[in-house]
Amino acid sequence: MTSLESFDCIYARACERKGGEAQLNALLPESLTSAEITQYQDSELLSAMSKQVFQSGFVWRVVENKWSAYEQAFFGFEPHKVLMLSPEQIQQRASDPKLIRHQKKTQAIVDNALMTLDIAKEHGSLAQYIANWPGEEITGLWQVLKKRGARLGGNTGPYFLRGIGKDTFLLTNDIQGYFKAHNLLDAGINSQTGLRQVQAIFNTWQQESGRSLAEISRILACSVGDNRL
């Protein structure tokens, strides 16, 4: 492992690459407060989660255009109602031309409805659970989604969290390339050891800068590589 680059240096490089502070700041994502996240209904979170599952490895625009049909087919993503679907009804939806014909991703809607209800029983609501999760251990929440949910591993879980406004960094290709080029890890970036090390580095940059994890992540991506945001 090598010494950690200061966040001031990263920020300065990102500003230079993007044409100045104003241009860079216009690209930065916004995060919601914990109180704001608790206002989500669990049906809204299941919908957002399911959309992200379908968007993973697929054309996002196609998924977006079909999502109103999904809302209708899955009862507004009310978890209790989703779990009332029979195997035959699930199969019917997985082969419906108005939707996206993908058996495993369709089944993931049902599996994640069960996860949503289980967490709600334990913590009041999935929204409350997510809202209360500390940012300095955000990769732990990634692991929960991966372990307890369906098809939420890799970047799918983190992108879902970013999409609902939960403050998180992302491990995009640019960011992974940065960590590799600077030899900052002594384990695979997606291993438990690697994730702990990445989390510790982001925590250090957050303490230096006072910025959100989401902002730090975007600034780092803008400072290197192809800037795939």
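The model is predicted, so local features need pLDDT of at least 70 and side-chain atom pairs 80 or more, while totals for chains, interfaces and linings use all residues. Residues are numbered from 1 along each chain, and side-chain values use heavy atoms, without hydrogens and water.

Next, select helix H13, residues 192-209. Helices here are DSSP runs of H or I, at least four residues, numbered from the N terminus. Its buried residues (under 20% relative accessible area, 1.4 Å probe, protein chains only) include Leu195, Ile201, Phe202 and Trp205. Show helices H1 (7-18), H10 (138-148), H12 (173-181) and H14 (213-222) too: they are among what covers those buried residues.

Now zoom in on Phe202. In contact (heavy atoms within 4.5 Å) with Phe202 are Phe169, Phe179, Leu213, Ile216, Ser217 and Leu220, leaving aside residues up to four places away in sequence.

Then colour the aromatic rings. Rings of Phe, Tyr and Trp (its six-membered ring) pair if their centres lie within 6.5 Å; planes under 30 degrees apart are stacked, over 60 edge-to-face, the rest tilted. There are 16 aromatic pairs in the structure. Select Trp142 and Phe169, an edge-to-face pair at 5.1 Å centre to centre with 65 degrees between the planes. Trp142 sits in helix H10 and Phe169 in the loop between H11 (156-163) and H12, so this pair ties together parts 27 residues apart in sequence.

How values were computed:
Helix = DSSP H or I, 4+ residues; strand = E, 2+ residues; numbered from the N terminus. Expected span 1.5 Å × (residues − 1). Buried < 20%, exposed > 50% of the residue type's maximum accessible area, 1.4 Å probe, protein only.
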